[in-house]
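User: Hi, I have a structure open and want to get to know it. Can we go through it in short steps?
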Amino acid sequence: MASGTLYSYPDNFRTYNILIAAQYGGGSVKLAPGFIPGETTKSPEFLSKFPLGSVPAFETKDGKYLTGSNAIAFYVSSNELRGTGDVERAQVIQWLSYADNEILPPASVWTFPYLGILDYNKQAVSNAKNDLKNVLTHLNNFLLCRTYLVGERLSLADITVACTLLNVYKVVMDSSFRKGFQNVNRWFNTIINQPKVKNVLGEVKFCENEPKVPSPVKGGGDQAGGKKEKKKEKEGQAQNEQKKSEKVAEKPVALIEEMDEAELALASEPKSKDPFEALPKGTFIMDEFKRSYSNEEVDVSIPFFWQKFDEANYSIWHGEYKYRDELKKDFMSCNLITGMFQRLDKMRKNAFGSVCLFGKDQDSSISGVWVWRGHELAFLLSPDWQVDYESYEWVKLDPKNEEHKKKINAYLAWEGVDKDGRPFNQGKIFK
């Protein structure tokens, strides 16, 4: 059983998974007494143990030092939480990484303005909501037939992902937004109502209504810029009201000081430019075709495509999933396609795909045609787009080749068979 001292402020969301894991691990983990955000971490004594000066930080009872919430939580948890066997342990680590890299960035950008940590930026919050929606859609599909993230019992993966989503559920994700993620809601409720989880989190009250736009962070300036300062508060305002306001403002400043530099950068950096923007636009209007494909029968939309297609500035590719032996159940194969679409969300403006499942349970294949701006493999334009593409065999198609054209038409019309004669089962459109 792991025991020691945890350095952090009590309501730091990054410490919840540590404290919960310790409940299961059975050790004694205590918060360092007298910890003062922004002061303790700058003291010579603290820096001699934790040179990075960040929290959470952990000192074991035998004088070893650990930093990073996931590493500390892994150390203080029980063997059961870490996963049974090498595969499950790897899957737990995979989900810890997923929480930090996929969930935390958009969750932070969305919630931090409402927690008073960062100034509110309408576009940044809107983008974050959309990014998190895509992440939750993937998670919702994954949890369709699962109670837990790894195996058949609670693990550190569940605890950490739930804690990363905690402020989203409490502060910004109202009942209307939650409706689209019933599987995630079921799973989240299961986790937060585990007795040992509840010992740390207490009763979790969900956000029911969309929160109001928050006021600027104290000392952060006017985000709109160029506006005159508001008039000073009227003289004679009760002194206790001023002190109350100042006290509320102290916490966000401390939170910013204790945040990891990389985390702050993720929360505040501007969105990167669309890699397609560097390529010639051409004459093909992707949105125009997508509207036609969505609203017209294929005997209208497919001829429309060939009439408008700009082969000088756009290309068409065939992608076939390499690992057909891994495809078992149809719904799992469809989830695989949907997951890829979600991770490529930022390609939608300049790309279109029709991906089809052929065959049946235990004997199926996945392949499709894609159209995008430029003549190179689009996934290479951005590291963010390179998650799934290597699982497919990619071949560039020639729109002047009649056989290639027939193949493209078949995918657009959702008909025909795959190369081994399996009949069309169902399709999904990336648009």
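User: Let's start with charges. Which side chain does Arg324 meet in a salt bridge?

Analyst: Arg324 meets Asp363. The N to O distance is 3.6 Å. Keep in mind that this is a predicted model.

User: Where do Arg324 and Asp363 sit in the chain?

Analyst: They link distant parts of the chain, 39 residues apart. Arg324 is in the loop between strand 5 (314-321) and helix 15. Asp363 is in strand 7 (residues 363-373).

User: How exposed is Arg324? And Asp363?

Analyst: Arg324 is partly exposed, at 28% relative accessible area. Asp363 is also partly exposed, at 32%. Partly exposed is the range between buried, under 20%, and exposed, over 50%.

User: How many salt bridges turn up in the whole structure?

Analyst: The search finds 17. One of them joins Asp345 and Arg348, with the closest N and O atoms 2.6 Å apart. Asp345 is buried, with 16% relative accessible area. Arg348 is partly exposed, at 22%.

User: What does Glu45 pair with?

Analyst: Glu45 forms a salt bridge with Lys49, at 4.0 Å from N to O.

User: Why are those two about one helical turn apart?

Analyst: Because Glu45 and Lys49 are 4 residues apart in helix 2 (residues 44-49).

User: Are they buried or exposed?

Analyst: Glu45 is exposed, at 57% relative accessibility. Lys49 is buried, at 18%. The cut-off for buried is under 20%, so Lys49 falls below that limit.

User: New topic. Which charged residue is buried yet has no salt bridge?

Analyst: Asp174. The nearest side chain of opposite charge is Arg178, 6.2 Å away.

User: Where is Asp174?

Analyst: Asp174 is in the loop between helix 7 (156-172) and helix 8 (175-178).

User: Which backbone nitrogens lie by the Asp174 side chain?

Analyst: The backbone nitrogen of Phe177 lies 2.9 Å from a polar atom of that side chain. The backbone nitrogen of Glu210 lies 3.3 Å from a polar atom of the Asp174 side chain.

User: What else does Asp174 touch?

Analyst: Leaving out residues up to four places away in sequence, Asp174 touches Cys207, Glu208, Asn209 and Glu210.

User: Is Cys207 buried or exposed? What about Cys145?

Analyst: Cys207 is buried, at 7% relative accessibility. Cys145 is exposed, at 57%.

User: How many disulfides does the structure hold?

Analyst: It holds 0 disulfides. A disulfide is a covalent bond between the sulfur atoms of two cysteines.

User: Let's look at helices. How many residues does helix 6 have, and how far does helix 6 reach?

Analyst: Helix 6 (residues 122-142) has 21 residues. From its first C-alpha to its last, helix 6 reaches 30 Å. That is close to the 30 Å expected at 1.5 Å a residue.

User: What caps its N-terminal end?

Analyst: Asn121 caps the N-terminal end of helix 6. A side-chain oxygen of Asn121 lies 3.1 Å from the backbone nitrogen of Gln123.

User: Which residues of helix 6 are buried, and what do they pack against?

Analyst: The buried residues include Val125, Ala128, Leu132 and Leu139. Asp131 and His138 are also among them. The buried residues pack against helix 5 (85-115), helix 7, helix 8, helix 9 (182-192) and helix 15 (330-343).

User: Last topic: backbone geometry. Which residues does a cis peptide bond join?

Analyst: Val55 and Pro56, with omega at about 5°. Pro56 is in the loop between helix 2 and strand 3 (57-60). Most peptide bonds are trans.

User: Which residues other than glycine have a positive phi?

Analyst: Gln362 is one of them, with phi near 70°. Gln362 lies in the loop between strand 6 (351-360) and strand 7. Trp414 is another, with phi near 55°. Most residues other than glycine have a negative phi.

User: Where does Trp414 lie, and how exposed is Trp414?

Analyst: Trp414 is in the loop between helix 16 (402-413) and strand 9 (424-430). Trp414 is partly exposed, with a relative accessible area of 32%.

Notes
Residues are numbered from 1 along each chain as its sequence is written. This is a predicted model: local features need pLDDT of at least 70, side-chain atom pairs count only at pLDDT 80 or more; totals for chains, interfaces and linings use all residues. Side-chain values use heavy atoms; hydrogens and water are left out. A disulfide is a pair of cysteine sulfur atoms within 2.5 Å. Buried means under 20% relative accessible area, exposed over 50%, partly exposed in between (1.4 Å probe, protein chains only). Lys and Arg count as positive and Asp and Glu as negative; His and the chain ends are not counted. A polar contact is a pair of N or O atoms within 3.5 Å; within protein, one must be able to donate a hydrogen and the other to accept it, and residues adjacent in sequence count only if both atoms are side-chain atoms. Contact means heavy atoms within 4.5 Å. The expected span of a helix is 1.5 Å times one less than its number of residues.
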